[in-house]
Amino acid sequence: MSPTQAESPTALPSDGVVPLESVLCTEELDRRQSRLPDYEKENRVLVALAQALADSPGTILQTMAEIMLEAFGAGSAGFSVLTTDDGGKKFYWAAISGVWKPHIGGGTPRDFGPCGDVLDRNAPLLFRHFERRYTYFQPVTPPVEECLLVPFYVEGKAVGTIWVIAHDDRREFDAEDLRQLVSLASFASSAYQTVSFNQKTVAMNEALMLGSLRQHELTEAADLLNAKLQTEMAARKEGEEQRVLLMAELDHRLKNTFVAVQSIARLTSQNAASLDQFHEAFDDRLMALSQTHDLLTLGEWRSAPLREVIMMELSPYHGTQGGPRVTVTGEDVQLDARQALALGLSVHELANNAAKYGALSVPNGRIDVAWDVIASNDAMVLKLRWVESGGPVVEPPLRRGFGSRLIESGIPSELGADVQLEFHREGVRFTLTLPLDPARA
Amino acid sequence: MVGNLSIDPSLKGARILLVEDEWLVSVLVVDWLRQFGCDVVGPASSVAQAVVLAAAEEIDAALLDINVKGEVVYSVARTLADRGIPFAFLTGYAASMISETYRERPVLQKPVRSERLSQILREMVNQSVK
């Protein structure tokens, strides 16, 4: 190529764009004096490329550009790839070696540029001063004297070019350069596929990682939600079941309480000398029953403490100055509802009797209540003693009233307990032997 | 206060089994039964005790609480049914909670009136006589 040729005036078309043919000189390649093929060198180049591809596929395009630069004695060498994200509107300079290396990342339009021309003609092309047609190259320095471009293909489709540039007239490309560049193009295709596969793999891996992270997060969130829902539903179901059971149980308990009150009224009436006496005794018994209910409600109707059941009736006399003396001693014992109700009413009867006729009716009287829990065979047994003293001389009652019947018949039948109610002259004595549920002792 | 109850001729000498674990309730019912002129069998305050009575005693009719110290009374009911002895339930539970098998049997809801009790007893004793 000579300066005169390069500077020869070319007729400009009406649109002012230098025609493609005026920047092409591909056919000159055949006319030029060609180098002899150096197969040994070519072989070394291919081995170096194969090694580079195997060792570091991520940088293979740049490595290839470097190797091309050296193999061709070019000023610049590079790798243009059709963009894929916009449907192939541009060529992207994926790798450049030599003086144009700083332009890596630049590119040319698909429809107006040397690479586009190569793809359109589907053939290698040799350009001379293509900046005359493609004026966007004019600022790119150093300018191009000659540029040999060869397409490469993936699955039969041209997707990019490899190229070598001579920036001055000391180097003219020839047929041997074309042959070697064409043979490198098939390698370029492999390199490109490796890189894009690699990128896809990386992208896919990243997507997968992200996906699996998301999935993990989602799974965790779903698990948490699920667990919450299950707990909530179980709680609701349980709540509903418990509510129904509770209502049924409450109804049952209430009905039984009604009959108990009915019975107390009847038994009270049988021993009442007058309506007033009936009312007084009936009210007292109703109050005792109600107070035991209160204690049981505190224990959610599972249990009530024995001490409280006793103190309920005796607390008015406990620890007071100048009156009867009351002691209540024993370890903590929990009574179930049946035991609490029966004993509550019994203690009421004893205390009421003591207040009217016994130890609580005089200032010097005293009541000592004490109990122990002892192991008897496999069961725990409560042994309780109610001992009155210091009161008026006791006369055995002429007839059995409500209290006596409750204590002597009711307690044994209802609680499976042994009782003794003794009217000693020095004071009433009541002893109770009550089998306890071991868990309650 | 005991008042208007009197011996019912058709119940006089009728042997009535009472199964009831609550002493206050059983005292009341026993009182009523005696007033009607009945002879009380029991009262039994446990299922075990009741089954023995139901199987061995001479009984015209029975009154059964359903929940007896946490045990269901149905084994007693079955024993009575096998012997052709009429029985009624006396319970604080709703009638709907009674086993299908015994849905046809009379149910006395607690609390009960003595008139209603004697009426049911009469029906059972008359049936038992037939």
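1. N256(A) lies in helix α6 of chain A. The model is a predicted one, so the points below describe computed geometry. N256(A) is buried, at 7% relative accessible area. Setting aside residues up to four places away in sequence, N256(A) touches E22(B) and K110(B). Both of these partners carry the chain B label.

2. Now the interface as a whole. The contact draws 26 residues from chain A and 23 residues from chain B. Together the two chains bury about 2300 Å². Carbon and sulfur atoms account for 59% of that area. Interface size is often quoted in this way, as the accessible area lost when the parts come together.

3. Next, the polar side of the interface. The rule finds 10 residue pairs in polar contact across chain A and chain B, with both residues at pLDDT 80 or more. Three helices of chain A each supply at least two residues to the side that touches chain B: α6 (175-271), α9 (337-356) and α10 (402-415). Of the elements on that side, α6(A) gives the most, with 16 residues. By class, the side of chain A that touches chain B has 10 nonpolar, 9 polar and 7 charged residues.

4. How many salt bridges cross between chain A and chain B? The rule finds 2. One salt bridge joins the side chains of R266(A) and D31(B), at 3.1 Å from N to O.

5. Over all chains, the salt-bridge count comes to 27. R121(A) pairs with E21(A), and their closest N and O atoms are 2.5 Å apart. This pair links distant parts of the chain, 100 residues apart. R121(A) sits in helix α5 (residues 114-121) of chain A. E21(A) sits in the loop between α1 (3-7) and α2 (28-31) of chain A. R121(A) is partly exposed, with a relative accessible area of 40%.

6. Is the salt bridge between R171(A) and D177(A) made by residues that are buried or exposed? The closest N and O atoms of this pair are 2.7 Å apart. R171(A) has 18% relative accessibility, so R171(A) counts as buried; the cut-off is under 20%. D177(A) is buried too, at 0% relative accessible area.

7. A salt bridge in chain B has another setting. E115(B) and R113(B) form a salt bridge with closest N and O atoms 4.0 Å apart. That value is worth checking against the rule, which asks for a nitrogen within 4 Å of a carboxyl oxygen. E115(B) is at 40% relative accessibility and counts as partly exposed. R113(B) is at 60% and therefore counts as exposed.

8. Some charged residues of chain A form a network. E28(A), R32(A), R128(A), E146(A) and E172(A) are linked by salt bridges.

9. Aromatic residues come next. A search of the whole structure finds 18 aromatic pairs over all chains. Y74(B) and F89(B) form one of them, and the pair is edge-to-face. The ring centres are 6.3 Å apart, with 85° between the planes. The pair joins distant parts of the chain, 15 residues apart: Y74(B) in helix α3 (residues 74-82) of chain B, and F89(B) in strand β6 (residues 87-91) of chain B. Both Y74(B) and F89(B) are buried.

10. In chain A, ring pairs build a cluster. Its members are W93(A), W100(A), F112(A), F127(A), F130(A), Y134(A), Y136(A), F137(A) and W163(A).

11. Back to α3(B), the helix that holds Y74(B). Which residues of α3(B) are buried? They are Y74(B), V76(B), A77(B), T79(B) and L80(B). These buried residues pack against β1 (15-19), α2 (47-56), β3 (61-64), β5 (71-72) and β6 of chain B. G84(B) follows α3(B), and its phi is positive, near 70°.

12. Last, a strand residue of chain A. V419(A) is found in strand β12 (residues 418-424) of chain A. Leaving aside neighbours within four places in sequence, V419(A) is in contact with I407(A), E408(A), I411(A), P412(A), F430(A), T431(A) and L432(A). V419(A) and L434(A) are 15 residues apart in sequence, with 8.5 Å between their C-alpha atoms.

Terms used:
Residues are numbered from 1 along each chain as its sequence is written. Chains are lettered from A and ligands numbered from 1 in the order in which they are written. Side-chain values use heavy atoms; hydrogens and water are left out. Contact means heavy atoms within 4.5 Å. Buried area is the accessible area (1.4 Å probe) that two parts lose on being put together, summed over both. A polar contact is a pair of N or O atoms within 3.5 Å; within protein, one must be able to donate a hydrogen and the other to accept it, and residues adjacent in sequence count only if both atoms are side-chain atoms. Helices (H or I, at least four residues) and strands (E, at least two) are DSSP runs, numbered from the N terminus. Ala, Val, Leu, Ile, Met, Phe, Trp, Tyr, Cys and Pro count as nonpolar, Asp, Glu, Lys and Arg as charged, and the others, Gly among them, as polar. Buried means under 20% relative accessible area, exposed over 50%, partly exposed in between (1.4 Å probe, protein chains only). Rings of Phe, Tyr and Trp (its six-membered ring) pair if their centres lie within 6.5 Å; planes under 30 degrees apart count as stacked, over 60 as edge-to-face and the rest as tilted.
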